[in-house]
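Open the model in your viewer and start with everything selected. The tour goes from the whole chain down to two side chains.

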Amino acid sequence: MKYITIKDIARHLSISVSTVSRALGDDKNIRKETKEKVIEAAKKLGYRPNPVAINLKYGHTNTVGVIVPEMVTPFASRVINGIQEVLHTKNIKVIIAESGGDPEKEKENLQLMEGFMVDGIIICLCSYKRNKEEYARLQQAGMPMVFYDRIPYGLEVPQVIVDDYMKSFFLVESLIRSGRKQIVHIQGPDDIYNSIERVRGYKDALAKFGIPFDKNNMLIKTGMTFEEGKKAADILVERNIPFNAIFAFTETLAIGAMNRLRELGKKIPEEIAVASFSGTELSNIVYPKLTTVEPPLYQMGKSAAELILEKIKNPASPNHSIVLDAEIKMRASTPPIEVYK
């Protein structure tokens, strides 16, 4: 499909490109008859203004880039819904890229957004240890950036997060109060700072109740997928590790582990309780329904969009850090606390 330009209109009418441009821009110095001919020719040829070219003329593109680590679960889509809700009212379009959890691909996406000349970037990063130089370079170049959920720990940046430590602490405490003291933690990757904070909450909850922390047997390090949750369950069974509860880094790991345990004949939650962080709609459609910490994803997206608008308007504005309240949803995968009183 050929894109009709003002050059095509000028050629069709045998007039200059500048005359066509000024006529379409409703220049008062262009005769009425000429304007009418240009508008008629534009309609006939199927001309449509190029919004990118128009916006670049005024120094902005009215676009914001959003980079997410994955699109397998509803996590990213709910955040994006919140972002679009805010930006749509400002006539700003969203360009979405997925890093697949790969820092190198994330770097490529950052450079892609820079090449598209987006007005700002909202990102949930892959690793708090990688690409820090790239974030700093973009910021120094004047690119507004906002981070959500996973942040580049140690850098002063605008961010929207939840309290991973406290919510993990309270979730593990609820497992303990329900009578479970042999609690395994399926840990996320070490280069995601949320993982470090959730382990800290898990360990401190155990310490509060005088339960020893068994690093060798009760902490399983893995990745992020359903399959890796399944493998974590297999490791626990193969090692013959006694446990009666699982706290997983994300719901994908929890669901993978829970499904595998049920395949092996384990009763959930009678024999093994299962709970996780980062709950989405998936937690409601598995059996049994999964107990989770659920961040307010839609609000997270809205808050991130509001911060990026602030940075676009005034790059020198303070780097605000917004901590949202996540909700612990107790469901059928964990026993009621009162049963064990």
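A residue counts as buried when its relative accessible area is under 20%, and as exposed when that area is over 50%. On that cut-off, 49% of the 341 residues of the protein chain are buried in this predicted model.

The protein chain holds 14 helices and 12 strands. Its radius of gyration is 26 Å, well over the 20 Å that the globule rule gives for 341 residues, so the chain is more spread out than a compact globule. Along the principal axes, the C-alpha atoms fill a box of roughly 85 × 40 × 35 Å.

Next, display contacts between residues at least 6 apart in sequence. Of these, 73% join residues at least 24 apart.

Now select the charged side chains. There are 47 positive and 42 negative charges, and their mean positions lie 4 Å apart.

How many disulfides does a search of the whole structure find? The search finds 0. A disulfide is a covalent bond between the sulfur atoms of two cysteines. For C124, the closest cysteine sulfur is that of C126, 8.1 Å away, which is too far for a bond; the cut-off for a disulfide is 2.5 Å. Are these two cysteines buried or exposed? C124 is buried, with a relative accessible area of 2%, and C126 is buried as well, at 5%.

Notes. Residues are numbered from 1 along each chain as its sequence is written. This is a predicted model: local features need pLDDT of at least 70, side-chain atom pairs count only at pLDDT 80 or more; totals for chains, interfaces and linings use all residues. Side-chain values use heavy atoms; hydrogens and water are left out. Helices (H or I, at least four residues) and strands (E, at least two) are DSSP runs, numbered from the N terminus. The radius of gyration is taken over C-alpha atoms; the globule rule is 2.2 Å times the number of residues to the power 0.38. Buried means under 20% relative accessible area, exposed over 50%, partly exposed in between (1.4 Å probe, protein chains only). Contact means heavy atoms within 4.5 Å. Lys and Arg count as positive and Asp and Glu as negative; His and the chain ends are not counted. The place of a charge is taken as NZ of Lys, CZ of Arg, CG of Asp or CD of Glu.
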